[in-house]
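The structure comes first, and the description follows.

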Amino acid sequence: MIALITGATKGIGHQIARLLAERDVTVLAAGRDAERGQRAADRIGARFVQLDVTSAESVASAAKWIEAEYGRLDILVNNAGVLLPQEDPAPSATPVDVLRDTYETNVFGVVAVTNAMLPLLRRAPAARIVNMSSGLASLAQATDPQSSSWEHNYLAYNSSKSALNMVTVAYAKELAGTPIKVNAADPGYCATDMNGHSGPRTAEQGAAAAVRLALLDAGGPTGSYQDEDGVLPW
């Protein structure tokens, strides 16, 4: 199997790449920084792919390279994401440019990469698309004062992940009659660079959800996965 993981040079994305490589998957670890990305790929026996999800040219170039090298793609994990340091917990203090930049990576980048890779995914016997979401995307949790999400009132990041969930549903509906399964994974609150390594879960624990979804058999469900609770239907 051939797997492309975006944002795979560190954190959860790197652990997803590592865990898939350990399962004899040919891993294409994508990232923007060529030097750091090559080092990260070498550590886990993956191949580095230079890919900036916010650049149409970069996305097209990566798709062309994968087609030339492998002719198909079995797994796509849209992991690249940002929580910009300029974002203030007060929505009224969030600059509109921060909202735009967040959506460029967390939403538009996912759509751009998915659309570019879909012809390659259609060539696989039973391809899998996994979008890395967040518990902060949940409207139910966001409006529950007892929820751990209540205090994390990030306008740009949270709403971008809510939008990503709907993007995931839209692709799942379009591809429902095909062997391709489309899912969203919630890794939980993991210690990564994004949050100053403050999360109680490890990046490896967070990666487990995406790996399980990426390796679902052809008869598996389409839904969202949380590591503690198993596979959940939409």
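Apart from its neighbours within four places in sequence, Thr9 is in contact (heavy atoms within 4.5 Å) with His14, Ala30, Gly31, Arg36, Gly37, Ala40, Arg43 and Phe48. Thr9 sits in the loop between E1 and H1. Helices (H or I, at least four residues) and strands (E, at least two) are DSSP runs, numbered from the N terminus. With a relative accessibility of 11%, Thr9 counts as buried; buried means under 20% relative accessible area, exposed over 50%, and partly exposed in between (1.4 Å probe, protein chains only).

The model is predicted, so local features need pLDDT of at least 70 and side-chain atom pairs count only at pLDDT 80 or more, while totals for chains, interfaces and linings use all residues. Residues are numbered from 1 along each chain as its sequence is written, and side-chain values use heavy atoms, with hydrogens and water left out.

**Chain totals**

The secondary structure of the chain comes to 7 helices and 8 strands. Of its 234 residues, 49% count as buried. Among contacts between residues at least 6 apart in sequence, 66% join residues at least 24 apart.

His14 belongs to helix H1 and is buried, with a relative accessible area of 9%. Leaving aside neighbours within four places in sequence, His14 is in contact with Gly7, Ala8, Thr9, Ala40, Arg43 and Ile44. His14 and Asn79 are 65 residues apart in sequence, and their C-alpha atoms are 9.5 Å apart in space.

In the packing of H1 on H2, His14, Ala17, Arg18 and Ala21 of H1 meet Ala40, Arg43 and Ile44 of H2. By class, this contact has 4 nonpolar, 1 polar and 2 charged residues. Here Ala, Val, Leu, Ile, Met, Phe, Trp, Tyr, Cys and Pro count as nonpolar, Asp, Glu, Lys and Arg as charged, and the others, Gly among them, as polar.

**Helix pairs**

Two packed helices are described by the angle between their axes and the distance between the axes. Axes are lines fitted to C-alpha atoms, for helices over the stretch in contact, and angles run from 0 to 180 degrees between N-to-C directions.

| Helix pair | Axes come within | Crossing angle |
|---|---|---|
| H1 and H2 (residues 34–44) | 9 Å | roughly 30 degrees |
| H3 (residues 56–69) and H4 (residues 96–122) | 9 Å | roughly 20 degrees |
| H4 and H6 | 8 Å | roughly 20 degrees |

H4 is therefore roughly parallel to H6. Angles under 35 degrees count as roughly parallel, over 145 as roughly antiparallel, 65 to 115 as roughly perpendicular and the rest as oblique. H4 passes H6 in a right-handed crossing; a crossing is right-handed if the near helix is turned clockwise from the far one by less than a right angle, and left-handed if anticlockwise. Residues in the contact include Val98, Tyr103 and Arg122 of H4, and Leu155, Tyr157 and Glu174 of H6. The contact of H4 with H6 divides into 13 nonpolar, 6 polar and 3 charged residues.

H3 and H4 are likewise roughly parallel to each other, and H3 passes H4 in a right-handed crossing. On H3, the contact is made by Val59, Ala62, Ala63, Ile66 and Glu67, and on H4 by Ala112, Val113, Ala116, Met117 and Leu120. By class, the contact of H3 with H4 has 9 nonpolar, no polar and 1 charged residues.

**Nonpolar cores**

A nonpolar core is a set of buried Ala, Val, Leu, Ile, Met, Phe, Trp, Tyr and Cys residues joined through side-chain atoms within 4.5 Å. The largest has 30 residues, and those with the most contacts inside it are Leu4, Leu73, Leu76, Met117, Leu121, Ile129 and Ile180. Strand E1 (2–5), E2, H3, H4 and helix H6 (155–174) each supply at least two residues of this core, and H4 gives the most, with 7 residues. A second, separate core of 28 residues includes Val27, Ala46, Ala185 and Ala207.

Ile129, leaving aside its neighbours within four places in sequence, is in contact with residues including Leu76, Thr114, Leu121, Ile180 and Val182.

**Backbone at Asp24**

Most residues other than glycine have a negative phi. Asp24 has a positive phi of about 65 degrees although it is not a glycine. Asp24 is found in the loop between helix H1 (11–21) and strand E2 (26–31), and counts as exposed at 71% relative accessibility.
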